[in-house]
Amino acid sequence: MSKLSQILREMIAQEGPISVERYMALALGHPQHGYYISREPFGAAGDFTTAPEISQMFGELIGLWAAEVWSLMGSPAHIRLVELGPGRGTLMSDALRAARVAPAFRAALQVHLVETSPVLSERQRQTLADCGLPTSWHSSIADVPQGPAIFLANEFFDALPIRQYMRTPAGWCERMVGLDEAGRFIFGLSSDPEPYIAAEAPPGAILEISAEGQRAMTALAARIQTQGGALLAIDYGHTRTDLGESLQAVRAHRFADPLENPGEADLTAHVDFAALGRAAKAAGCRVHGPVTQGAFLNQLGLAQRAMALAKRAAPDQFDAIEAAVYRLAGHGPADGPNATMGDLFKAMAVTRPDLGPLPGFQTEPLA
């Protein structure tokens, strides 16, 4: 039994069942025993692999994207490049290396990383120690200094807690986490329906809402609208608000039970890009996309970058480059040994209404 399991059991025994949102927030971010607080989860030795860990090409293309957006903004003398949930710092490191081809952009940069994990912050400091640019860390988005900023959010929104509601004959009741007679975590429902949800659905249908994700988008879009800049969000999810359960746990690159050993596995949920887009537009911003990650990277020149790397690569490296292109942008299964991110993952950008069109979003947004 994990240490956090015992803490949550005692909490539920004393206070009663807790919401899925609170359970997820504590499982990931408990100050001592939260999943992201106490470990480094990335890579082959961890629990999952993100796009920056697959290939340097991903971060390099995003770095060049940021440089082009800065140019479209009118090349302000100072710009903050901010990454939300920066993992091991790999994406930022690759992005800054690629930005050397745009020396005026690099000269304008101040790097900021928003990270709550002491373990990951230290790893990021090691990764970016030689980046040659002023770099600062913050525990929340609100702490990032004011001014024009380009925000990068790769697999950030999927880790923000969600609320779940189930359709019952009485209405939409919130899904809760409680204890069975043996003291094991189980899902249940609140006794009173939520009066503000009017969606029609058959009994048993699940509706997921990420209020925290929408609050984060509202704050980011409001800042962009008043101070200038852009947000690039890349994550797995859907382009239309729809019914269905997507909460999942991953441990050692395998799916696990979300209620088993909280704090020991990564918990995520599919991102509702439509809801994020509505929040951004309500704050006065323009939404670009979403488009698939494959379409986004291909428009940025993934194939050309792969060819340039392949010309200098040994035969075994050539195979790795080819495999990375397929994983990042290919059209294939989302799960299993041949999983790809090209279709499951989406890219969306948020800017002031007068900025655009943006690189990578030259196709029609997904419906």
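Predicted model: local features only at pLDDT ≥ 70, side-chain atom pairs only at ≥ 80, totals over all residues.
Let's look at one of them. Tryptophan 70 and phenylalanine 105 form a tilted pair, with 5.5 Å from centre to centre and 50° between the planes. If you wonder where those two values come from, a pair of aromatic rings is described by the distance of the centres and the angle of the planes.

Now find the two partners along the chain. Tryptophan 70 belongs to helix H5 (residues 56–72), while phenylalanine 105 belongs to helix H7 (residues 103–108). They are 35 residues apart, and their pairing links distant parts of the chain. Are these two residues buried or exposed? Tryptophan 70 and phenylalanine 105 are both buried.

The charged end of arginine 125 sits over the ring of tryptophan 137, at 4.3 Å from the ring's centre. Arginine 175 does likewise with phenylalanine 187: its charged end sits over that ring, 4.0 Å from the centre.

Let's finish with the strands. Strands of a sheet pair through backbone hydrogen bonds, either parallel or antiparallel. In this model, three strands make an open sheet in the order E12-E11-E13, and their pairing is antiparallel. Strand E12 (254–256) and strand E13 (266–268) are the edge strands, each pairing on one side only. From one strand to the next, the twist averages 40°. Look closely at E11 (residues 248–251): three bridges join it to E12 in the antiparallel sense. Arginine 251 has arginine 254, in E12, as its bridge partner.

Notes: Residues numbered from 1 in each chain as written. Heavy atoms only, no water. Pairing = 2+ DSSP bridges. Helix = DSSP H or I, 4+ residues; strand = E, 2+ residues; numbered from the N terminus. Axes fitted to C-alpha atoms, helices over the stretch in contact; angles between N-to-C directions. Phe/Tyr/Trp six-rings, centres within 6.5 Å; stacked < 30°, edge-to-face > 60°. Buried < 20%, exposed > 50% of the residue type's maximum accessible area, 1.4 Å probe, protein only. Lys NZ or Arg CZ within 6 Å of the ring centre and 35° of its normal.
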